[in-house]
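Please keep the structure in view while working through the points.

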Amino acid sequence: QVQLVESGGGLVQPGGSLRLSCAPSGSIWSAGAMGWYRQAPGKQRELVASITFEGTNYADSVRGRFTISRDNAANTAYLQMDSLKPEDTAVYYCKMELWITEFGGRHDYWGQGTQVTVSS
């Protein structure tokens, strides 16, 4: 069964940078929209950034600091996070629209989450 595998989280000081990556664990037919979400303790999961073949979208809180990108050949999503703030601390999840087979239909897949902690 295909799963989304995330990497790149960790502990960073305020003002620092991290780069998250997310890719399917096995072969797929195609990938559509990709997105990054985050959930801080006691808060609801929120959209951070998304990317389609038409463009990108960012939450107001991260616009200008985070950059989402994708490698279509590798079906990989990235989130470059710069100028990190303590309020960016959360578990970050990737989400992808995937077609596992050509005629299998489109389904949403979620990563397992990776912790990002911004603290001095």
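1. The charged end of R45 sits over the ring of Y93, at 3.7 Å from the ring centre. The term requires NZ of Lys or CZ of Arg within 6 Å of the ring centre and within 35 degrees of the ring normal. R19 is placed likewise over the ring of Y78, 4.0 Å from its centre.

2. This is a predicted model, in which local features need pLDDT of at least 70 and side-chain atom pairs count only at pLDDT 80 or more, while totals for chains, interfaces and linings use all residues. Residues are numbered from 1 along each chain as its sequence is written, and side-chain values use heavy atoms, leaving out hydrogens and water.

3. R38 belongs to strand β4, residues 30-39; strands are DSSP runs of E with at least two residues, numbered from the N terminus. R38 is buried, its relative accessible area being 6%, where buried means under 20% with a 1.4 Å probe and protein chains only.

4. The side chain of R38 forms polar contacts with the side chains of D88, at 2.9 Å, and S61, at 3.3 Å. Such a contact is a pair of N or O atoms within 3.5 Å; within protein, one must be able to donate a hydrogen and the other to accept it, and residues adjacent in sequence count only if both atoms are side-chain atoms.

5. K95 lies in strand β9, residues 90-99. Not counting residues up to four places away in sequence, K95 touches residues including L4, Y37 and W110, contact meaning heavy atoms within 4.5 Å.

How values were computed:
Helices (H or I, at least four residues) and strands (E, at least two) are DSSP runs, numbered from the N terminus. Buried means under 20% relative accessible area, exposed over 50%, partly exposed in between (1.4 Å probe, protein chains only).
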